[in-house]
Amino acid sequence: MTLTLYNTLTRRQEPFETVEPGKVKMYYCGVTVYDYCHLGHARACIVWDVVRRYLQFIGYEVRYIQNFTDIDDKILNRSRQEHSSMEAVADRFIKAYFEDMARLGIKEADEYPRATHTMNGIQRLIHELENKGFAYPADGDVYYAVRQFAEYGKLSGRKLEDMQAGKSERVNVEDPEYQKKKDPFDFALWKAAKPGEPAWESPWGAGRPGWHIECSAMVRDRLGDTIDIHAGGADLIFPHHENEIAQSEAVTGKPLANYWLHNGMVKVDGEKMSKSLGNFTTIRDLLDRGVDPMAVRLFVLTAQYRTPIDFTDEAIAAATNGWHTIKEGLLFGYQYGKQLGWGVGTASLLAETVERFQETVNNDFNFPGGLTVLFELAKELRREGNIIVHEGKTETSAEELQLQWQTLVTLAGVLGLEAEIEAETQTSNGLSDGEIEAKIQQRQEARQAKNFAESDRIRDELQAQSITLIDNRDGTRWHRN
């Protein structure tokens with residue numbers, strides 16, 4: 001079973017081969033820390049978290065680096081608004097980032113380089129570009145000479161001659177920065193200091209780096225000249241990742257990354273998410289409303305990672321229902337394992353099921369297909385749990401059930417789906433999630449038998465214990481009040 005990935009650079013799906021056998025060097029373009037993370041960040045961080053987990057699951061040693069952009073016009077603007085400093089704003093939102101990601105179950109990267117901590121590497125790279133004729137100084141700024149890099153546009157598929165058309169309508173020729181450039185396509189590697197802004201000394205005068213050069217330097221400093229996977233959102237393909245390639249490869253003469261992977265964007269009710277539309281949702285706002293973090297993970301993983309995904313109340317409700325199913329399967333062993341006489345310490349799995357899961361996910365990280373395997377296991381365990389509740393026995397052998405459960409727990413862990421044992425197996429009202437689902441199943445059977453009095457009695461019984469049922473065409477959802 002060979003892992004194949006869709007490579008944005010080549011526009012085709014390719015077998016995955018690493019620079020160093022058995023090891024993966026992976027870099028994810030992280031967040032600019034001027035505000036709380038939103039749903040788009042949640043999707044990207046969950047996707048690349050699971051990619052890393054899966055690579056480790058199939059045997060790779062993964063070194064995963066994720067940067068923080070901690071100097072930027074947006075950070076500076078916020079610091080002015082708050083009468084604070086750029087560093088204070090960045091530190092606050094980096095702290096908030098880790099809080100939000102912990103709630104989503106995101107494993108921490110191996111390292112989180114910051115642009116302000118990489119100044120030596122940034123200046124060294126700019127100096128090398130200048131020496132090789134790919135960069136030129138201009139009144140304290142330094143610009144990259146785009147036309148000097150013959151392969152510019154190879155990632156995005158854009159051609160300079162096509163972009164030239166209409167460009168004069170989009171630029172302000174009176175802009176001092178525009179006037180410094182030798183060519184309109186050139187972009188800043190170093191920006192001269194402005195009054196009141198933080199600045200670093202450099203051979204070109206006091207200033208700060210441009211955005212694109214930061215990632216090129218951080219990749220090189222932490223992972224070397226060529227890495228295996230460079231990941232990020234599709235919105236970064238141009239110009240950010242295109243410019244990274246131009247900067248890095250002009251100096252090293254080697255590919256910056258062998259595989260460029262990009263996750264699709266998040267829409268909200270069919271529209272692009274933006275503050276101006278009033279549909280901008282932060283991760284903490286969503287979770288503080290009571291949405292289960294695991295339901296958010298499930299929502300993200302039900303879509304192919306490269307496609308756009310639409311965040312709606314209905315989609316989150318469906319993901320919540322799906323999580324209840326998987327969660328009940330994950331809790332099966334804690335609820336019934338002792339009753340079934342399971343032994344401890346064994347870690348056997350259903351080889352055929354694991355193979356099917358891996359064969360599916362190996363097709364360009366097909367996590368929706370992997371979830372199908374999880375749902376099959378979880379539904380079977382839920383059915384057996386209902387039989388235990390109703391009849392005190394099972395139809396399947398205890399050994400087989402243990403294999404099913406251990407396989408589910410393992411594969412769910414690959415996707416970062418984990419149930420909290422203590423909190424979920426027994427609640428203050430005395431009913432576990434499994435017992436609630438069993439009662440819902442009893443109610444469904446009563447309704448099918450047209451025994452509506454019994455159906456109403458079960459609903460009222462659950463309502464008395466602060467559990468509300470919501471019937472819809474897809475089944476019955478429930479939540480604790």
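On a 1 Å grid over the protein atoms alone, a cavity is a set of points where a 1.4 Å probe fits but cannot get out, and its lining residues have an atom within 4 Å of a point. Grid points are joined across faces, edges and corners, and the volume is the space filled by probe spheres set on the points. The model is predicted: local features need pLDDT of at least 70 and side-chain atom pairs pLDDT 80 or more, whereas totals for chains, interfaces and linings use all residues. Residues are numbered from 1 along each chain as its sequence is written, and side-chain values use heavy atoms, without hydrogens and water.

**Exercise 1. Cavities**

Determine how many cavities of 30 Å³ or more there are, and characterise the lining of the largest cavity.

Solution. 
1. The count is two cavities of 30 Å³ or more.
2. The largest cavity holds about 50 Å³ of space.
3. Its lining consists of L39, A42, R43, V266, L286, V296, F299, V300 and F311. The elements giving two or more residues to this lining are α1 (39–57) and α10 (293–301); helices are DSSP runs (H or I, at least four residues) and strands likewise (E, at least two), numbered from the N terminus.
4. By class, this lining has eight nonpolar residues, no polar and one charged. Here Ala, Val, Leu, Ile, Met, Phe, Trp, Tyr, Cys and Pro count as nonpolar, Asp, Glu, Lys and Arg as charged, and the others, Gly among them, as polar.

**Exercise 2. The second largest cavity**

State which residues line the second largest cavity, and describe the setting of α8.

Solution. 
1. The second largest cavity has a volume of about 40 Å³.
2. Around it lie L125, S216, R220, D225, S248, T252 and L256, with α7 (211–223) and α8 (237–252) each giving two or more residues to the lining.
3. This lining divides into two nonpolar, three polar and two charged residues.
4. Of the 16 residues of α8, 13 are buried, so the helix is largely enclosed by the rest of the structure. Buried means under 20% relative accessible area, exposed over 50% and partly exposed in between (1.4 Å probe, protein chains only).

**Exercise 3. Aromatic contacts**

Classify the pair formed by F68 and Y97, and locate both residues in the chain.

Solution. 
1. Rings of Phe, Tyr and Trp (its six-membered ring) pair if their centres lie within 6.5 Å; planes under 30 degrees apart are stacked, over 60 edge-to-face and the rest tilted. The structure holds 26 aromatic pairs.
2. For F68 and Y97, the centres are 5.3 Å apart and the planes stand at 85°, an edge-to-face pair.
3. F68 is in the loop between β4 (61–66) and α2 (73–81), and Y97 in helix α3 (residues 86–103), so that the pair links distant parts of the chain, 29 residues apart.
4. F68 is buried at 1% relative accessible area, and Y97 is buried at 2%.
5. Elsewhere, ring pairs join W48, Y54, F57, Y305, F357, F365 and F367 into a cluster.

**Exercise 4. Cysteines**

Solution. 
1. A disulfide is a pair of cysteine sulfur atoms within 2.5 Å, and the structure holds zero disulfides.
2. C29 is buried at 5% relative accessible area, and C215 is buried at 2%.

Definitions and conventions
1 Å grid on protein atoms, 1.4 Å probe; cavity = no way out; pocket = protein on both sides within 12 Å on 5 of 7 lines; lining within 4 Å.
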